[in-house]
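Hello,

Here is the structure you are taking over. My notes on it follow below.

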Amino acid sequence: MKIYTKTGDKGMTSLADGQRVSKCCERLEAYGTVDELNSQLGLLMTYCGEQDNNFLMEVQRNLFVVGGCLAGAEIDKPLSTEGMEAEIDRLTAIVEEAQEDKRFHFILPGGSRAAAIAHVCRTVCRRAERAMLRVESEKIKDKSEKSDGLVRYVNRLSDYLFILARKLNVDSNTKDVIL
């Protein structure tokens with residue numbers, strides 16, 4: 001299999017189901033942004049410890065499924081509706097636990113290099129969520145997924161990435177800049 005097909009040279013590409021679409025269509029923007037987030041998470045992982053990396057690797061796998069669903073792929077091992085709810089609950093629990101002892105203020109993104117990259121991931125995640133919402137009315141091919149579950153997962157993931165950025169600053173003895 002070649003890395004190039006030349007079929008996209010005129011601004012069109014194929015979705016996973018073979019449908020030809022413009023490279024600037026909303027669906028392509030959505031799964032492209034999810035892919036960008038996944039790549040940014042890979043960069044973030046180069047600055048994190050083993051425990052955070054293990055969790056982020058699971059997130060990357062989930063995002064691969066999310067992107068595949070947005071692309072219309074028939075996923076071999078899709079996240080079931082129950083599985084997606086479990087992942088949302090897992091992220092929610094992490095965020096809620098972090099909020100128990102802390103008051104959150106508006107903070108400037110940055111601090112340690114790892115935290116700064118986590119903030120970049122958070123903002124890309126928010127952009128992915130907005131892109132997904134623009135295609136929400138379109139049917140996602142994988143029959144076991146619901147688009148609202150995918151959007152809720154990505155929404156909660158951005159909350160988690162905010163918490164992770166704060167944690168990474170604590171881990172490196174770097175203070176957040178509070179407005």
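Y160 is buried, at 5% relative accessibility, where buried means under 20% relative accessible area, exposed over 50% and partly exposed in between (1.4 Å probe, protein chains only). F55 is buried too, with a relative accessible area of 10%.

The model is predicted: local features need pLDDT of at least 70, side-chain atom pairs count only at pLDDT 80 or more, and totals for chains, interfaces and linings use all residues. Residues are numbered from 1 along each chain as its sequence is written, and side-chain values use heavy atoms, with hydrogens and water left out.

F55 lies in helix α2 (residues 50-70) and Y160 in helix α5 (residues 147-171), so the pair ties together parts 105 residues apart in sequence.

Overall, the chain has five helices and four strands (DSSP runs numbered from the N terminus: helices H or I, at least four residues; strands E, at least two). From the N terminus on, their order is β-β-α-α-α-β-α-α-β. Of the 179 residues of the chain, 43% count as buried.

V177 is in strand β4 (residues 177-178) and is partly exposed, at 46% relative accessibility.

Regards
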